[in-house]
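This briefing is meant for someone meeting the structure for the first time. Please keep the sequence and the 3D view at hand while reading the points below.

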Amino acid sequence: MSRDNAAIVRDFVDDVITQGNIEGAAKYVWEDVVEQVPLPGQGPGIEGLKDILRAMRAGFPDIVFSIHEQIAEHDKVASRFEWTGTHNGEFLGIPATGHSVRVWGIVIDRLVDGRIKDTRIIMDTMSLMGQLGVLPPPPTP
């Protein structure tokens with residue numbers, strides 16, 4: 001079962017996030033999915049998830065999510081990921097910069113009957129903001 005859950009998460013990442021099939025999210029995610037750590041402005045349920053994914057694709061049209069490691073146990077799947085993209089559209093109120101970004105994170109998904117029921121994403125948003133030029137570079141020693 002855990003192995004199947006890991007494959008479901010990988011398929012979701014590839015189909016919905018990287019390929020942009022956002023309307024296909026219901027195949028992988030329950031309508032009342034709970035995001036334990038929502039991104040700024042993210043609403044509840046699958047519609048909130050779809051909205052934030054649309055915003056990410058609008059901000060980074062060439063976004064590619066890659067899962068580098070997964071650990072699956074019982075109903076949970078932990079995935080260490082990295083995503084890359086070019087900031088060619090507004091994202092989180094930040095106008096397009098044209099900067100390429102590489103962002104890492106970890107997500108823990110809990111699946112019920114083959115679909116994601118709740119999720120917790122921890123992403124290096126400080127690094128993202130630095131790569132977009134929103135934060136000043138760290139001081140040199």
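Predicted model: local features only at pLDDT ≥ 70, side-chain atom pairs only at ≥ 80, totals over all residues.

Is aspartate 32 buried, partly exposed or exposed? Aspartate 32 counts as partly exposed, since its relative accessibility is 44%.

**Confidence**

- Across the chain the pLDDT averages 94, and 98% of the residues score at least 70.
- Confidence is lowest in helix 1 (residues 2-18), where the mean is 91, and highest in strand 3 (residues 76-86), where it reaches 98.

- Lysine 117 counts as partly exposed, at 23% relative accessibility.
- Glutamate 69 and arginine 80 also meet through their side chains in a salt bridge, at 2.5 Å from N to O.
- That pair links distant parts of the chain, with glutamate 69 in strand 2 (residues 64-73) and arginine 80 in strand 3, 11 residues apart.
- Glutamate 69 is partly exposed, with a relative accessible area of 46%, and arginine 80 counts as partly exposed at 36% relative accessibility.

- Salt bridges that share partners join Glu23, Glu47, Lys50, Asp51 and Arg54 into one network.
- Within helix 2 (residues 45-59), lysine 50 and glutamate 47 lie 3 residues apart, about one turn of the helix, and their side chains meet in a salt bridge at 3.4 Å from N to O.
- Lysine 50 counts as buried at 7% relative accessibility, whereas glutamate 47 is partly exposed, with a relative accessible area of 39%.

**Threonine 86 in strand 3**

- Threonine 86, which lies in strand 3, counts as buried because its relative accessibility is 16%, which is under the 20% limit for that class.
- Leaving aside residues up to four places away in sequence, threonine 86 touches Gly59, Phe60, Pro61, Asp62, Gly98, His99 and Ser100.

**A nonpolar surface patch**

- Trp104, Ile106 and Ile108 make a nonpolar surface patch of about 260 Å².
- Tryptophan 104 has its place in strand 4 (residues 100-112) and is partly exposed, with a relative accessible area of 44%.

Terms used. Residues numbered from 1 in each chain as written. Heavy atoms only, no water. Patch = residues over 30% accessible without salt bridge, like charges linked within 9 Å, V, L, I, M, F, W, Y side chains within 5 Å. Areas by Shrake-Rupley, 256 points an atom, 1.4 Å probe, with all protein chains shown as cover. Salt bridge = Lys/Arg side-chain N within 4 Å of Asp/Glu carboxyl O. Helix = DSSP H or I, 4+ residues; strand = E, 2+ residues; numbered from the N terminus. Buried < 20%, exposed > 50% of the residue type's maximum accessible area, 1.4 Å probe, protein only. pLDDT = per-residue confidence, 0-100. Contact = heavy atoms within 4.5 Å.
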